[in-house]
Amino acid sequence: MIQYWPLMLKAAGTTLWLSWLAMLLGAFGGTALALLRQIKFAPLRWAVIGYMEFFRSIPILIVLFFVFYGVPLLLEVDISPFVAATLALALHASATMSEVVAAGIASVGRGQWEAAAAAGFSWPQTMRHIIAPQALRVILPPSVGVFITTLKESSLASIIGYIELTRTGLLVRDATGGGFVPLLALGAVYFVINYAISQVGAALERRLHVGRRSDLVGAMA
Amino acid sequence: MGYSFTLRTIYPYFGDLWQSALNTLLLSLLAIVLSIALGALVALMRRSALRPVRVLGAAYVEVMRNTPLLVILYLVYFAAPEAGLRLSSFMAALVGLTLNSAGYMAEILRAGLIAVPPGQFEAAQSQGMSGAQVLRHVVFPQVFRTIYAPLGNQVIAVILASSLATAVALDEVASWMQTVGSSSFRFFETFVVAAVVYLVLCQSVNIARILIGRKLFPQGRRA
């Protein structure tokens with residue numbers, strides 16, 4: 001078992017890279033969705049809410065199956081397990097992040113918008129200079145929670161054969177003749193990573209004086 | 001672009017879908033009930049007067065919230081036979097899902113218990129209420145109100161998470177999508193069907209939660 005530790009740590013790096021990339025895409029997508037929701041045009045708002053509700057009501061696993069097996073049949077393109085996993089995780093994260101970002105924007109009082117308008121700020125200027133800096137305070141701590149969820153969900157990439165941390169743990173188990181010790185080690189690696197990240201999140205909450213990490217819908221993974 | 005959407009090819013598999021959907025439903029339902037019970041135990045452990053018991057409860061929550069469900073499922077599935085237990089796929093999935101969900105349930109219930117001010121226990125006792133009466137008439141109504149919304153979220157989370165049981169070889173909706181998709185090459189159609197099943201399940205919970213919430217808490221905070 002000990003000789004496999006370097007392999008496990010390298011795989012942990014792969015898992016972190018996959019989750020980070022998906023989180024980044026999800027954060028951009030979620031922000032775009034939250035901004036679209038601000039536009040006073042009902043069909044657009046319904047579309048965004050529909051998107052959110054859709055991804056909150058279906059398991060990420062079937063999204064992953066669809067992207068990996070379905071999209072290549074549909075569009076006649078090749079999709080690697082890495083690309084499929086990144087896309088599926090990003091889609092899911094974007095739905096959650098749009099809610100986090102929307103809550104952040106809503107946390108800034110109306111008066112700020114009015115004051116900015118009175119001072120002659122345009123909508124993009126108000127967003128950029130007045131709203132965003134204040135909203136970010138509310139957005140950051142729950143984002144850490146979304147990242148942890150994404151990191152845990154990235155374990156599903158092992159099901160479509162992508163060799164990340166979980167798949168590596170299962171391979172090590174096979175190589176060492178079965179048993180559950182490699183799986184305990186696998187769980188321990190995940191725990192250490194996620195616990196460390198959650199402590200960063202808790203420190204952020206204290207620094208920014210905002211409420212506790214709240215687990216959002218579908219946070220269990 | 002030669003792809004045309006047709007449900008005709010996968011029509012023969014709809015009989016299996018019924019069985020798979022029942023497995024998803026039964027697994028989720030049992031996991032929710034059992035994890036509320038286990039979660040309540042952990043939440044009470046975290047309020048214990050004994051420090052080791054409190055630490056154990058807190059550690060349980062942290063471990064479950066920071067470890068992927070998939071890893072826990074594999075652990076249960078592969079470790080149980082070594083302990084001399086022969087678990088079926090369904091049982092392994094149920095144990096894994098319950099253990100994991102209990103970590104979240106414990107936090108939800110703990111938040112509910114915190115919402116009852118300590119003075120109320122004393123006030124109720126001074127009125128001559130027994131321990132059970134205090135729980136029934138004073139604590140429960142307030143706890144229930146606090147946990148109502150997050151409990152609904154967790155019910156949905158468990159239904160979605162039950163899809164991972166496919167990894168321990170249980171025939172449920174996600175595995176139906178994969179097996180039927182790979183034998184018919186109709187992954188788009190099987191995805192749509194599976195998505196509809198989950199959407200119906202989760203949105204039923206969601207809508208029921210809102211409607212029951214309006215009945216239970218007519219004024220004030222909406223769930």
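Is Arg110(B) buried, exposed or partly exposed? With a relative accessible area of 23%, Arg110(B) is partly exposed, where buried means under 20% relative accessible area, exposed over 50% and partly exposed in between (1.4 Å probe, protein chains only). The model is predicted: local features need pLDDT of at least 70, side-chain atom pairs count only at pLDDT 80 or more, and totals for chains, interfaces and linings use all residues. Residues are numbered from 1 along each chain as its sequence is written, chains are lettered from A and ligands numbered from 1 in the order in which they are written, and side-chain values use heavy atoms, with hydrogens and water left out.

Chain A contains eight helices and zero strands, as does chain B, with eight helices and zero strands; helices (H or I, at least four residues) and strands (E, at least two) are DSSP runs, numbered from the N terminus. The C-alpha trace of chain A spans about 70 × 45 × 25 Å along its principal axes, and that of chain B about 75 × 50 × 25 Å. Of the 221 residues in chain A, 49% are buried; for the 223 residues of chain B the share is 46%. Among contacts (heavy atoms within 4.5 Å) with a separation of 6 or more, residues 24 or more positions apart account for 75% in chain A and 78% in chain B. The accessible surface (Shrake-Rupley method, 1.4 Å probe; for residues, only the protein chains shown count as cover) comes to about 10,200 Å² for chain A, 69% of it belonging to carbon and sulfur atoms. Chain B exposes about 11,000 Å², with 67% supplied by carbon and sulfur atoms.

Over all chains, six salt bridges are counted, a salt bridge being a side-chain nitrogen of Lys or Arg within 4 Å of a carboxyl oxygen of Asp or Glu. Glu107(B) is paired with Arg46(B), the closest N and O atoms being 2.7 Å apart. Because Glu107(B) lies in helix α4 (residues 89–114) and Arg46(B) in the loop between α1 (14–45) and α2 (51–65) of chain B, this pair ties together parts that are 61 residues apart in sequence. Glu107(B) is buried at 14% relative accessible area, whereas Arg46(B) is partly exposed at 21%. Glu107(B) also forms a salt bridge with Arg110(B) (3.2 Å, N to O); these two residues are three apart in helix α4 of chain B, and therefore separated by about one helical turn. A further salt bridge joins Glu189(B) and Arg186(B) (3.0 Å, N to O). Both partners count as buried, Glu189(B) with a relative accessible area of 0% and Arg186(B) with 19%. In chain A, salt bridges that share partners join Glu53(A), Arg56(A) and Glu99(A) into one network.

Ser143(A), in helix α6 (residues 123–153) of chain A, is buried at 10% relative accessibility. Beyond its neighbours within four places in sequence, Ser143(A) is in contact with Met23(A), Met97(A) and Val100(A). Leu24(A), in helix α1 (residues 5–38) of chain A, is partly exposed at 36% relative accessibility.
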